[in-house]
Structures are given as C-alpha cells and as structure tokens.
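Open the model in your viewer and keep the selection panel at hand. The stops below go from a cavity to a helix and then to the core.

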Amino acid sequence: MNKRLLLLFFSQFIAMIGFGITLPALPFFVERLALDGSAPLASVAFHVGALTSAYALTQLALAPLWGLWSDRHGRKPLVVIGLGGFALAQAVFGLGTSLPLLYGARLAGGVFSAALLTASSAYVADTLSVETRGRGMAWLGTAQSLGFVVGPMMSSLLTRRDWHLDLSTGHFVFDGFSIPFFVAAGLAVVTMPLVIGWLPESLKTVRSPASARPSAQWGVLGMRLKNTLFLVFVSQGSLALFEAVLALYADRVLRLGLTEIGYAFAICGLVMAVFQGGAVGFLSGHVRVRLQVAAGFGLLGSGLFFLLVVRSATAVFWMVGILALGLALITPNLLTLIANRSEPHTGAGLGLRNAFGSLGQVIGPLLGGVLFSWHAGLPYLATAGVSLTIAVWIGGGNRLFRPRRS
C-alpha cells in the first residue's frame, strides 16, 4: 500500500476520532458542563447524546455539499481545510467550560470533519480501479471504524481525574479532561504538512459545474442508492447508539469504570481493524455482498442483545467483539457499493453516504439517551430487534433491503 493511501486512511481515522471522543468523559464531566454536581440522570444523558449528535448534525448538512465541491474543484484542498478546522475545534472543546461553547465547538468540528471524510473517501475511489476498490474500501472502512472507537477509548484512557492540573483564563480551562482533545488536535496538526507535501490532486482535470442543479443530481443518486443508504443509516446509527449509551450503561448497570470502558472500545476497534483490513478484503472476491451484509446485521443484533444478559467484564468484552465483527462486515461492503454505483459523480455519492451515516450518528445518540432515561436496557433491546429483522430480510433476498448487483 502506497504512502498516499495510508495518509488518506489516517486522515479518515482522525476525523472519526472526533465523533466519539466526548462519550466516556461526559458522564463524569458535569462540573465542566455548567451543570450542578447532582444533575439528574436524564439531564446528563440528554447532553451526552446531544453533544455527540451535534458533531454528526453538521456532517449531515454539509457532506453532500462538500462532495459536489470536491467533484468540481478537487480533493486535496478539502483534506487540508478539514484537518486544520478539526484541530481547532478539538482544542476549543478541550478548553471549554460552558454548554454553548462546547456545542459550538462540536458543530464546527462536524463541519470540517465532513470535508475531510468526503474528500478523502473520493480520493481513494479516484485512485483505485473497480477490481481493487473492494479491498481499498475495506481498508477505508477500517480507518473510519477504528477512529469511531479509538476516540472513546482514547478519552477513557487519557482523561485524568486524579491530575491536579487547572490552568484557567476566562471561559477556558486546561485540566485533566482537556488532554484527549489536545491529543486529537495534535494528530491533525502533524498530518497537515504531510498532506500538503505528499498528496497530489487525484482529479486529473477539474470539472466544471454540472449542468444539472445539485438538488437534481442528489435526487438521481438518492434514488439509485436508496436501499444502500438506508442500510448505512441503520448501521451507523446502531454503532453511535451503542457508543453513546455504553458509558452510562456500564456505570449504572454493569458497575464498570473508565478503564474497563476503554478496554471495551479498544476491543471493538481491534476486531474491526483485523476483520475489515484482512478478512473482509478477502471475502469481497469470494462471498456475495448480500450475504456478508446479512451476516453483519445478524452479528450486530446478537451482540447488542446479549449485552443485556451478561454482567461480567469478560462477557461484555466478548459481546462487544461480536457486534464489532458484524460492523466489520457491513461498513466496507456498503462503501464499495456506493462508490461503484455513483460514477462518474463519486464525490457526490460518497457525500450522500456520509450524510446518511451522519444522520444515523445524530439520531442514534439522541434516541439512545431518551430510551436510556426510560429504561437502561431499552436502547440495546430496540437496536438489536431492528438489526436482526434487517438481517432476516436481507438474507431472505427481500428486494427492499437487497443491494443491486449483489
């Protein structure tokens, strides 16, 4: 694998770190959120879900626009802009002491990560042939999924309540809770000069604006990709809900601490890395896409359901591994299908994919927070039911859920 693709995969990894980095810290972070120390569970759960969803909300709104922009003006400028804006947003969040400031930083982070995700995905699609794209998208999915789970893991392991560090000025404070956000910002800052120096533009010729209006182009692509986009929405929403609820569920029901939560996210990331980067790349040439996606949803639903049954940390880790294996089968296959069916408007198609993924990332944490406030196990029970139902429909060949050419 050449250094350009590795750089793009690392950029995707960085962008997805930003989504979940707040999750483990927020339940223990109420004093920095301008909430009373005795804040009710419903209030904490709401802000955990809302701050997580705010990041995805701007991705949802802007990913299609960034996709069209990259089709017309190139991929590299958006990658650079995305890295710079991401770094600034993470640093501001790490220093923030009020809810308005934290929400503003999350919204800004979503804006720039949308540019980064869409442009780097399109770049990978530009540089790979149809024959090798499946394996490339498997590695791309690995990078995204790793970032999706390394963000919470990094927050769990680097957030230090026992560090007596408190540097304050105005509405900003640097303390033990700031560290993971500054590490994420530092990764983006270090990557920027590498992108500027090593990454040539992947579009051979910059395209003039299409004659069709953007809304018409999105409409055509949306109809072509509707079944696959629906599956993207469900899978990303399920993963986002799982992550948003895990810290709350582990604290209130399983009685696990930050370290055990960090281990759970680490296992999730490791399983995704191993199976997306290796096994799924191999399966892409031997097993039909429909069967891989059906098996993925089956494993995802099973892992979520049995999280409600187990109580020991070891058993929890096993269930997390099972649901991560399911997501490892789902994510790269859907990426490949969308990239293949979007040509010659790959950027716009992948922008829609990121928008629907972001829609799931918006709704998943919010829904998880609301359901958790009703009953601790309800978020996982509902999501498991939806995933298992989809697995049965896809596996049975139901056309509503079956991707074309599978």
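Start with the lining of the largest cavity in this predicted model: by residue class it divides into nine polar, four nonpolar and one charged. The cavity itself has a volume of about 120 Å³. Select Met16, Gln144, Gln236, Arg353 and Gln361 next; of the 14 lining residues, these are the closest to the cavity centre.

Now colour the elements around it. Two or more lining residues come from each of α5 (130-158), α7 and α11 (346-374). Of the elements, α11 gives the most, with five residues.

Move to helix α1, residues 3-20. Is α1 mostly covered or mostly uncovered? Of its 18 residues, 14 are buried, so mostly covered is the description that applies, with buried taken as under 20% relative accessible area. Then put a distance between its end C-alpha atoms: they lie 27 Å apart, which agrees with the 26 Å that 18 residues should span at 1.5 Å a residue.

The last stop is the largest nonpolar core, which has 107 residues. Helix α7 (residues 214-254) supplies the largest share of this core, 17 residues. Which members touch the most others? Select Phe242, Phe297, Leu304, Leu307 and Tyr380.

Leaving out residues up to four places away in sequence, Phe242 touches Cys268, Leu304, Leu307, Val320, Leu323 and Tyr380.

Definitions and conventions: Residues numbered from 1 in each chain as written. Predicted model: local features only at pLDDT ≥ 70, side-chain atom pairs only at ≥ 80, totals over all residues. Heavy atoms only, no water. Core = buried A, V, L, I, M, F, W, Y, C linked by side-chain atoms within 4.5 Å. Buried < 20%, exposed > 50% of the residue type's maximum accessible area, 1.4 Å probe, protein only. Helix = DSSP H or I, 4+ residues; strand = E, 2+ residues; numbered from the N terminus. Contact = heavy atoms within 4.5 Å. Expected span 1.5 Å × (residues − 1). 1 Å grid on protein atoms, 1.4 Å probe; cavity = no way out; pocket = protein on both sides within 12 Å on 5 of 7 lines; lining within 4 Å. Points joined across faces, edges and corners; volume = space filled by probe spheres on them. Nonpolar A, V, L, I, M, F, W, Y, C, P; charged D, E, K, R; others polar.
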